[in-house]
Amino acid sequence: MQAEHGWQIRNLHTTLELAFSGGTPPDAVDHQALVEVCGERENELLSVTSWRLVARAPAEPTRLTHHRAIPLGRAIEARADFNRRARTFFESRDFLEVETPAWVRAPGTDVHLSPVAATVHLDGPHHPRPGYLHTSPEFSMKRLLCEGAERIYQLARVWRDGEVTPRHNPEFSLLEWYRAWEPLDAIIDDVEQLVCQTLHAGSARPVTSPIPRVTMQEVVREACGFDILENLNADALSETVRRLDLLPPHLSETSHWDDLFFALVVEHIDPFIATLGAVFITDWPAPLAVLARRTPDDPRTAERFELYVDGVELANGFGELTDAEEQRERFEDDQKAREARGLPALPLPEAFLEALRFGMPPSSGVALGVDRLLMVQLGTEAIRDVAPFSLWRNEAGELVDWP
């Protein structure tokens with residue numbers, strides 16, 4: 001290749017650097033733009049085997065880079081670095097990386113999660129087979145535990161319908177892992193070590209060990225002024241909320257215990273948690289057990305924890321419920337609650353329940369939101385800054401992006 005169009009050889013070693021000098025630069029190149037090529041020179045001819053753009057001239061923002069607080073390249077590099085860090089972390093602890101299906105027949109019955117429907121036509125175009133994109137790989141990973149796997153992890157893409165906010169996107173990344181035959185404290189220790197490695201001294205929000213642990217009972221007492229464990233039915237909680245004037249009428253007029261609790265979360269509990277810095281919230285009230293087992297020494301609580309950093313929820317973990325009959329009862333209660341709220345009915349995850357009947361060892365597990373962790377690491381308030389193809393809303397509240 002002969003140097004032309006104003007390009008001149010700056011360096012004649014094995015790696016050749018070409019810099020533009022004088023005249024009008026080519027498109028997207030200014031006087032600081034730099035291209036690096038590899039090859040050999042013979043007299044005035046260059047035999048190039050490869051090249052790369054070292055520096056690009058400033059250009060107008062594209063749709064992909066517009067309205068971001070963090071440069072796109074930095075966000076991509078941070079995610080790749082975290083994925084490498086996570087894999088090294090788990091491999092050093094004798095975990096196996098697994099992959100499970102994203103399309104499932106039954107996504108779970110949780111009242112507070114909305115799965116994305118995904119119909120397939122496996123028997124031809126006139127024979128639809130309903131299904132969903134998974135909200136989490138939890139059921140499938142637990143089925144592997146039932147088959148003898150003991151330490152497993154997965155970096156998964158998951159889908160949840162509903163909100164598009166600075167902290168929510170319908171598709172996002174979860175890092176989920178399980179320890180069979182080990183207590184919940186072992187999982188909490190994992191989370192603490194991995195998060196402290198990620199939110200290191202060079203990050204926008206460093207976190208150091210040990211991370212404090214506070215029970216949800218203590219949080220509610222400080223934030224709302226009452227004992228949540230003495231108010232575990234809807235009537236008692238409703239009366240306490242009215243007596244203490246904790247919620248406006250439009251939020252307190254509900255017959256559902258969990259709706260009242262999550263209204264308190266928005267109005268009082270989350271703002272209080274945001275003042276605690278990095279903190280594990282442990283021992284959740286039993287009505288919020290979801291797939292966690294009850295605490296043996298106090299059945300009013302469940303072996304559940306969440307990690308928050310400055311009010312941002314990063315991880316949700318359980319001492320896992322392994323009793324198939326109790327789990328079925330919880331799913332059926334969820335179905336009744338969905339019907340009472342006018343929500344779509346969802347199928348029971350029979351394959352998961354069958355695996356529990358076959359036998360699941362005592363286990364603990366957690367799901368960590370990768371996107372939110374990267375947000376904290378880079379010091380941004382929007383998931384769009386760390387996930388290039390996230391949806392976002394303009395000032396009028398309109399969706400303005402789509403992959």
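This is a predicted model: local features need pLDDT of at least 70, side-chain atom pairs count only at pLDDT 80 or more; totals for chains, interfaces and linings use all residues.
Modeller: Residues are numbered from 1 along each chain as its sequence is written, and side-chain values use heavy atoms, with hydrogens and water left out.

Colleague: Why is S173 called buried?

Modeller: Buried means under 20% relative accessible area, exposed over 50%, and partly exposed in between (1.4 Å probe, protein chains only). S173 has 9%, so it counts as buried.

Colleague: What makes the pairing of S173 and R157 a polar contact?

Modeller: The term needs a pair of N or O atoms within 3.5 Å; within protein, one must be able to donate a hydrogen and the other to accept it, and residues adjacent in sequence count only if both atoms are side-chain atoms. The side chains of S173 and R157 make theirs at 2.5 Å, so the distance passes.

Colleague: How do you know that helix α10 is mostly covered?

Modeller: Of its 9 residues, 9 are buried, among them V370 and D371. Helices (H or I, at least four residues) and strands (E, at least two) are DSSP runs, numbered from the N terminus; α10 spans residues 370-378.

Colleague: Which residue just after α10 takes a positive phi?

Modeller: That's G379, at about 75°.
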